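Here is a short briefing on one protein model. Keep the sequence and the structure in view as you read.

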Amino acid sequence: MKNNAFGKERGWIELICGPMFAGKSEELLRKLKRLDYADVVYKVFKPKIDTRTKNEIASRDGRKMKSLEFDNPYEIFERILELDINPQVIAIDEAQFADESIVSVCEALAELGYIVYVSALDRNFKNEPFMVTGKIACIAEYVEKLTAICTDCGAPGTVTQRIVNDKPSNYDEPVVQIGNYEKYTVKCRHHHKIPGKPTIDEVKKFKTDLKNHLKKKETNT
Ligand code: TTP
Ligand code: MG
Ligand code: ZN
């Protein structure tokens, strides 16, 4: 191990999560850039599924960094064994696209002394959690949740909205669809729309009951 501030035995997980357009990749790049000045060795990985960029991670402002791609998260172990210099930090972008074994991989890396930076979408376009991100959030030492700006009201944009033919995408659409501005935008929880999303009966009933309850109170005052 190199003799620098990160040289002592340690290891933990730092997660950056949030919706699209929040600057997750930018934040990951910022964290990595700092390491250059501290002479810390790091390696960046990302799942092969994201075709927007190949063998690199990119921020929205065009900054890029080389990355190694994997199909199966255990390939990260193989790649580390092939390296001449043992890195001290392992970074993984777009982790939501990796299969569940990424959770054990992150955990093992942290136990073995690596500092693991992970960047991932927290929720899909249906406003449902990406389970892999949820599990990593549970085992991470640090969780940084970034927000974008709702394009309707300026409130924190926390949910990615998929748009098809200028309309909010239906609940039944497949979860994975690589894209950018042409397919996605970001909304707050109040402006996010997902036609066809099933509502829990109890919630539906409470909505009606509450409306009636408030109306009754209003007419009584
Ligand atoms: P991100 O890197 O999360 O998007 P981003 O670059 O806008 O965000 P940031 O600036 O914070 O880094 O990439 C998200 C990818 O995931 C993109 O290709 C679209 C895809 N995607 C899905 O496949 N399904 C989904 O439900 C959502 C929300 C996104
Ligand atoms: Mg990104
Ligand atoms: Zn809004």
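Of the 221 residues in this protein, 44% count as buried. The model is predicted. Its C-alpha atoms fill a box of roughly 75 × 35 × 30 Å, taken along the principal axes. The secondary structure comes to five helices and 13 strands.

**Salt bridges**

- Side chains of opposite charge can pair when their charged atoms come close.
- A search of the whole structure finds 12 salt bridges.
- One of them links Lys 46 and Glu 69, with the closest N and O atoms 3.9 Å apart. Lys 46 lies in strand β2 (residues 42-47) and Glu 69 in strand β5 (residues 68-70), so the pair ties together parts that are 23 residues apart in sequence.
- Both Lys 46 and Glu 69 are buried.
- Lys 64 forms a salt bridge with Glu 56, and the closest N and O atoms are 3.7 Å apart. Lys 64 is exposed, at 54% relative accessible area.
- Glu 78 forms a salt bridge with Arg 79, where the closest N and O atoms are 3.7 Å apart. Salt bridges that share partners join Glu 78, Arg 79 and Glu 82 into one network.
- Glu 78 is partly exposed, with a relative accessible area of 42%.

**The second largest pocket**

- Rolling a probe the size of a water molecule over the atoms shows where empty space is left.
- The second largest pocket holds about 260 Å³ of space.
- Which residues line the second largest pocket? They are Ile 194, Lys 197, Pro 198, Thr 199, Ile 200, Val 203 and Lys 207.
- By type, the lining has four nonpolar residues, one polar and two charged.

**A nonpolar surface patch**

- Ile 49, Val 175 and Val 176 form a nonpolar patch on the surface. Together they have about 190 Å² of accessible area.
- Val 175 sits in the loop between β12 (167-168) and β13 (184-187).
- Is Val 175 buried or partly exposed? Val 175 has a relative accessible area of 33%, so it counts as partly exposed.

**A buried valine**

- Val 186 is found in strand β13.
- Val 186 counts as buried because its relative accessibility is 4%, and the cut-off for buried is under 20%.
- How far apart are Val 186 and Gln 88 in sequence and in space? They are 98 residues apart in sequence and 35 Å apart in space, C-alpha to C-alpha.

**Positive phi angles**

- Asp 39 has a phi near 60 degrees, a positive value in a residue other than glycine. Look for Asp 39 in the loop between α1 (24-37) and β2.
- Asp 39 is partly exposed, with a relative accessible area of 44%.
- Asp 166 also has a positive phi, near 65 degrees, and is a residue other than glycine. Asp 166 is found in the loop between β11 (159-164) and β12.
- Is Asp 166 buried or exposed? Asp 166 is exposed, because its relative accessible area is 75% and the cut-off for exposed is over 50%.

Technical notes
Residues are numbered from 1 along each chain as its sequence is written. Chains are lettered from A and ligands numbered from 1 in the order in which they are written. This is a predicted model: local features need pLDDT of at least 70, side-chain atom pairs count only at pLDDT 80 or more; totals for chains, interfaces and linings use all residues. Side-chain values use heavy atoms; hydrogens and water are left out. On a 1 Å grid over the protein atoms alone, a cavity is a set of points where a 1.4 Å probe fits but cannot get out, and a pocket is an open set with protein on both sides within 12 Å along at least five of seven lines; lining residues have an atom within 4 Å of a point. Grid points are joined across faces, edges and corners, and a volume is the space filled by probe spheres set on the points. Ala, Val, Leu, Ile, Met, Phe, Trp, Tyr, Cys and Pro count as nonpolar, Asp, Glu, Lys and Arg as charged, and the others, Gly among them, as polar. Patches are made of residues with over 30% relative accessible area and no salt bridge: like charges are joined within 9 Å, nonpolar side chains (Val, Leu, Ile, Met, Phe, Trp, Tyr) within 5 Å. Accessible areas come from the Shrake-Rupley method with a 1.4 Å probe; for residues, only the protein chains shown count as cover. A salt bridge is a side-chain nitrogen of Lys or Arg within 4 Å of a carboxyl oxygen of Asp or Glu. Helices (H or I, at least four residues) and strands (E, at least two) are DSSP runs, numbered from the N terminus. Buried means under 20% relative accessible area, exposed over 50%, partly exposed in between (1.4 Å probe, protein chains only).
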